[in-house]
Amino acid sequence: NYIAVSVLDETENYKLKNELEELQTEIKPLFDSSFQRFYLCDLQYRIVAFNKSAADLILKEFNHILKRGDSILNFVADEVGIDSFKERFSEALQDKRVSFKVNVHSNAGNYWKETHFDPILNAKGEIIRVLIWTVDITEQEQNKQVLNETKERYALIAQSTNDGLWDWNVKTNEVELSDRWKRLLGYQPDELENEFGVHDSLLHSDDLEKSHKALEDLILGKTDTLSIEIRLFHKKGYYIWVKERGIAVKDENGEVQHVMGSITDITPMKKAEQELIRREKRYQNLLKAIPDLFFIVDDKGNYVDYN
């Protein structure tokens with residue numbers, strides 16, 4: 001007897017759908033070709049879209065052909081844990097960008113993965129999706145491990161010789177000066193900041209160009225090591241001579257990431273050297289002042305010196 005008809009305005013949803021399709025058309029080539037793994041999820045953890053890298057990883061690690069509608073919770077690494085994953089997902093739903101690193105032990109092997117959660121908002125500012133993307137950072141983590149091991153070895157060597165260590169992060173300009181480095185110059189550890197420029201502020205002006213040139217040659221690969229003698233200003237108001245040595249630590253692309261080095265107090269040696277030079281000059285002046293012929297021979301009659 002009756003036919004009920006209802007009408008719902010779908011204009012906004014239709015516009016949103018068209019915009020989403022246009023956006024997908026524009027970014028799909030980039031999305032699919034990226035080595036990063038992308039998972040676009042709805043608010044119930046269901047996967048709405050993903051790229052080839054993501055599908056390849058799921059197939060490799062879980063022996064599963066990824067499809068839309070799969071729950072992202074089915075592919076959470078044991079090292080992360082479902083509860084921890086949900087907690088980070090909830091943070092993304094509060095309009096926060098979340099990221100974390102984890103060392104994964106899977107059927108595909110062991111590797112380091114960095115995961116990001118980025119909330120996706122509609123025109124009204126409402127969160128409608130969460131973009132989860134991961135990237136393999138195994139090489140970076142391995143390089144960090146190598147760097148830490150190098151630092152430890154360098155520290156052990158320096159401790160055995162009472163050297164003062166320094167470490168310069170070339171990319172960030174962060175500098176670490178060991179307590180021993182500061183004490184060699186008469187300072188307590190809290191009296192000198194670990195910051196770029198402290199070294200040069202204490203460097204003798206006559207040694208500044210030499211120091212910069214040696215460091216530049218090391219970074220450019222013109223030399224394998226840094227080894228120079230320079231003067232640094234002591235807290236008590238005088239300069240001490242130090243032997244400064246350094247090595248460059250490079251990443252997988254051959255770019256210098258860190259320069260690590262040490263200083264050794266050679267002031268007594270330099271004083272002895274200068275005393276020898278002074279005595280040699282006095283000796284030569286004395287020979288020149290003698291009016292007679294003057295010869296010095298060894299026990300075999302060979303000339304050693306003469307005026």
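Predicted model: local features only at pLDDT ≥ 70, side-chain atom pairs only at ≥ 80, totals over all residues.

Mentor: Residues are numbered from 1 along each chain as its sequence is written, and side-chain values use heavy atoms, with hydrogens and water left out.

Trainee: How many helices and strands does the protein chain have?

Mentor: Helices (H or I, at least four residues) and strands (E, at least two) are DSSP runs, numbered from the N terminus, and the protein chain has eight helices and 12 strands. Of its 307 residues, 36% count as buried, where buried means under 20% relative accessible area, exposed over 50%, and partly exposed in between, with a 1.4 Å probe and protein chains only. A contact is a pair of heavy atoms within 4.5 Å, and among contacts with a separation of 6 or more, residues 24 or more positions apart account for 41%.

Trainee: How should I read the charged pairs, and how many salt bridges are there?

Mentor: Side chains of opposite charge can pair when their charged atoms come close. A salt bridge here is a side-chain nitrogen of Lys or Arg within 4 Å of a carboxyl oxygen of Asp or Glu, and a search of the whole structure finds 10 of them. In one, D42 pairs with R46, with the closest N and O atoms 2.9 Å apart; D42 counts as buried at 10% relative accessibility, whereas R46, at 40%, counts as partly exposed.

Trainee: Which residues does D207 join in one network?

Mentor: D207 forms a salt bridge with K210, the closest N and O atoms being 3.9 Å apart, and K210 is partly exposed, with a relative accessible area of 37%. D207 also forms a salt bridge with R231, at 3.0 Å between the closest N and O atoms. D207 lies in the loop between α6 (198-202) and α7 (208-219) and R231 lies in strand β8 (residues 225-233), so this pair ties together parts that are 24 residues apart in sequence. Through shared partners, the salt bridges join D207, K210 and R231 into one network, and both D207 and R231 are buried.

Trainee: Which residues have the most contacts inside the largest nonpolar core?

Mentor: In soluble globular proteins, nonpolar side chains tend to be buried together. A nonpolar core is a set of buried Ala, Val, Leu, Ile, Met, Phe, Trp, Tyr and Cys residues joined through side-chain atoms within 4.5 Å. The largest one has 26 residues, and those with the most contacts inside it are Y39, I72, F85, F89, F117 and I132. At least two residues of this core come from each of β1 (37-41), α2 (52-62), α3 (82-93), β3 (98-106), β4 (109-121) and β5 (127-136). A second, separate core of 23 residues includes W166, L202, L203 and L218. As for F89, not counting residues up to four places away in sequence, F89 touches C41, D42, L43, Y45, F117, V130 and I132.

Trainee: How many bridges join β8 to β9?

Mentor: Two strands pair if DSSP finds at least two bridges between them; nine bridges join β8 to strand β9 (residues 239-250), and the two run antiparallel. The bridge partner of T225 in β9 is I247. These strands form a hairpin with five residues between them, and G237 in the turn has a positive phi of about 105°. β9 also pairs with strand β10 (residues 256-265) in the antiparallel sense, over nine bridges, and R245 stands opposite S262 in β10. In the hairpin of β9 and β10, with five residues between the strands, G254 takes a positive phi near 80°.

Trainee: Which residues of α2 are buried?

Mentor: The buried residues of α2 are S53, A54, A55, L57, I58 and E61. L59, also placed in helix α2, is partly exposed, with a relative accessible area of 42%. Beyond neighbours within four places in sequence, L59 is in contact with H64 and I65. N63, which follows α2, has a positive phi, near 55°.
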